[in-house]
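Look at the sequence and the 3D view first.

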Amino acid sequence: MRKIMIAAHGYLAKGMKHTLNLLVGEVCPIEVINAYVDDSDYTIEIEQFLKAAESEDEVYIFTDLYGGSVNQKVTALKLKFDFTLITGFNLAVLVAVALASEPLSREQLNAVIAESREALQVVEPEYSEQQSDEEFF
Amino acid sequence: MIVDLRVDDRLIHGQVALIWTKKLGATGIVVANDKASQDPVQQMTLKMAVPNSVKFLVKSVQDAVDLFRNPKAADMKIFVIVNKVADALELVRNVEGICRVNIANAGRFDGIPESEKKKLANTIILSDDEMSCLKELVESKVPVVTQVVPDHPERDMKSLL
């Protein structure tokens with residue numbers, strides 16, 4: 001089973017989960033860590049999440065910022081647990097991973113990340129002619 | 001072949017383009033909407049939502065009928081999106097081989113006060129005209145369901161009337 005945790009500073013993770021559920025429904029379990037909103041030690045919750053995972057589970061933790069303290073703490077847990085850590089997430093990558101129909105190989109995951117990275121861009125209006133019916137078919 | 005005819009009052013948005021296109025394995029998307037077919041700005045913004053690998057056209061409802069009658073349409077998996085039930089009915093009346101009609105989101109932005117409409121589900125709020133189109137639609141031979149996102153169960157529209 002695919003299990004996802006989103007861990008970020010403040011309430012970004014909670015909001016991201018809400019948005020994801022709105023867009024794709026509840027396709028897989030998603031846990032959130034709202035780091036530093038109170039004094040509690042969120043690393044305990046992350047460890048519990050990782051301990052609860054079975055060996056056949058496909059486990060992902062998404063953190064908000066490379067070099068940020070949340071990502072530092074989760075990176076340290078990589079030494080103890082087997083999971084995939086992705087940092088600098090955006091909505092596109094979360095949707096793509098949540099919806100993947102099969103477990104993702106590292107190569108497929110890299111492709112998903114490359115594609116999701118393209119979702120971050122400066123937008124300029126660009127008119128183009130529609131395809132003709134012949135081009136459509 | 002039209003794999004899905006979706007009624008969505010927002011036409012193409014993130015949910016539709018990303019999730020349904022993939023789920024349906026669609027190779028082409030057609031928006032059948034008279035207003036959008038005359039509006040280059042709307043065409044541009046709709047196109048932004050469509051994955052690059054998928055063919056895309058915006059047509060008036062009548063031009064869409066002509067397009068789907070092209071014999072080559074049978075070789076493609078086409079995902080069609082309209083924004084009201086009346087347009088879906090027009091397509092079902094005039095085009096063969098539609099696999100399914102999905103009334104996902106309808107009637108929320110038509111400017112008619114909700115007190116004058118019938119609420120069939122959270123995202124389906126229909127005027128009297130739309131209701132009569134829906135009643136005719138569910139009597140056609142095409143299955144008419146509602147399913148907002150793929151992991152929701154598909155519900156027969158007849159059970160909501």
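Q: Does Y60(A) count as buried or exposed?
A: This is a predicted model. Y60(A) has 2% relative accessibility. The cut-off for burial is under 20%, so Y60(A) counts as buried.

Q: Which kind of aromatic pair do Y36(A) and Y42(A) form?
A: Their ring centres are 5.2 Å apart, and the angle between the planes is 90°. Planes over 60 degrees apart count as edge-to-face. Therefore the pair of Y36(A) and Y42(A) is edge-to-face.

Q: Which kind of aromatic pair do Y60(A) and F62(A) form?
A: The centres of these two rings lie 6.2 Å apart, with 25° between the planes. Planes under 30 degrees apart count as stacked, so this pair is stacked.

Q: Is Y42(A) buried or exposed?
A: The relative accessible area of Y42(A) is 5%. Buried means under 20%, so Y42(A) is buried.

Q: What does Y36(A) count as, by its relative accessibility?
A: Y36(A) has 44% relative accessibility. Buried means under 20% and exposed means over 50%. The value lies in between, so Y36(A) counts as partly exposed.

Q: Which residue lies over the face of F83(A)?
A: The distance to the ring centre of F83(A) is 5.4 Å. The residue over this face is K78(A).

Note on methods. Residues are numbered from 1 along each chain as its sequence is written. Chains are lettered from A and ligands numbered from 1 in the order in which they are written. This is a predicted model: local features need pLDDT of at least 70, side-chain atom pairs count only at pLDDT 80 or more; totals for chains, interfaces and linings use all residues. Side-chain values use heavy atoms; hydrogens and water are left out. Rings of Phe, Tyr and Trp (its six-membered ring) pair if their centres lie within 6.5 Å; planes under 30 degrees apart count as stacked, over 60 as edge-to-face and the rest as tilted. Buried means under 20% relative accessible area, exposed over 50%, partly exposed in between (1.4 Å probe, protein chains only). A charge sits over a ring if NZ of Lys or CZ of Arg is within 6 Å of the ring centre and within 35 degrees of the ring normal.
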